[in-house]
Amino acid sequence: MSLSLYDASISVYLTMLKNLSHFMDKAQTHAAAEHIELSTLAEASLGFGMGNFTRQIQFASDAAKSGSARLAGVEAPAMPDTETTFADLKERLAKTIAFVESVKREQVDGQEGRQVVLTFPGRTMEFTGQSFLLTFSMPNFLFHVTTAYAILRHLGVPLGKMDFLAGAQQPAS
């Protein structure tokens with residue numbers, strides 16, 4: 001069995017973005033039941049120097065849309081980091097999901113050798129499409145999804161492993 005670049009990228013981005021939205025649904029239900037302001041959840045972080053929940057959603061969105069775009073050879077939509085509410089963050093996830101869904105299999109499959117160059121202040125990183133996905137884009141994306149999950153779980157939101165793995169496939173409770 002072969003695994004295509006599309007299946008290893010776009011399918012995973014979509015599943016995990018939808019799971020992030022599921023985490024937020026559960027967080028909203030928990031906050032209402034426990035009389036917790038959603039802003040408390042949005043502003044929470046795991047510690048010094050780490051982005052808060054809002055930033056984790058923005059970073060995960062950026063990683064998915066830019067990863068998808070680079071693999072497909074298209075431009076990612078600009079999304080300024082202006083979200084301040086859970087509703088804003090849910091909307092950003094929905095826009096990100098819509099963009100990633102717009103990337104077609106034929107744009108990604110066969111692009112394992114595509115040159116991907118990332119330029120940072122003082123550093124340039126060069127990849128093939130496959131190495132970009134496997135050693136940079138997907139680990140970065142999953143780091144931010146995991147951190148968002150951990151923030152909510154740390155604050156008492158009843159999330160479990162199956163929410164992380166298959167949250168979008170089950171009803172929010």
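Reply: F136 is partly exposed, with a relative accessible area of 25%, where buried means under 20%, exposed means over 50%, and partly exposed covers what lies in between, judged with a 1.4 Å probe and the protein chains only. This is a predicted model, in which local features need pLDDT of at least 70 and side-chain atom pairs count only at pLDDT 80 or more, while totals for chains, interfaces and linings use all residues. Residues are numbered from 1 along each chain as its sequence is written, and side-chain values use heavy atoms, with hydrogens and water left out.

The structure holds 9 aromatic pairs, a pair being two rings of Phe, Tyr or Trp (its six-membered ring) whose centres lie within 6.5 Å, called stacked when the planes are under 30 degrees apart, edge-to-face when over 60, and tilted otherwise. One of them joins F23 and F164, whose ring centres are 6.2 Å apart with planes at 20°, so this pair is stacked. It links distant parts of the chain, since F23 belongs to helix α1 and F164, 141 residues away, to helix α7 (residues 161-166); helices here are DSSP runs of H or I with at least four residues, strands are runs of E with at least two, and both are numbered from the N terminus. Both partners count as buried, F23 at 0% relative accessibility and F164 at 17%.

The pair that involves F136 has F120 as its partner, and because their ring centres are 6.3 Å apart and their planes stand at 45°, the pair is tilted. It too links distant parts of the chain, with F120 in strand β1 (residues 115-120) and F136 in helix α6, 16 residues apart. F120 is partly exposed, at a relative accessible area of 35%. These two residues also belong, together with F127 and F132, to one aromatic cluster.

Helix α6 itself covers residues 129-154, and its 26 residues should span 38 Å at 1.5 Å a residue, which agrees with the 35 Å between its end C-alpha atoms; the expected span is 1.5 Å times one less than the number of residues. A kink of about 35° lies at S137, shortly before the proline P139, the bend being the angle between axes fitted to the seven residues ending at a residue and the seven starting there. Just after α6, G156 takes a positive phi of about 95°.

The C-alpha atoms of H144 and S9, which are 135 residues apart along the chain, are separated by 16 Å.
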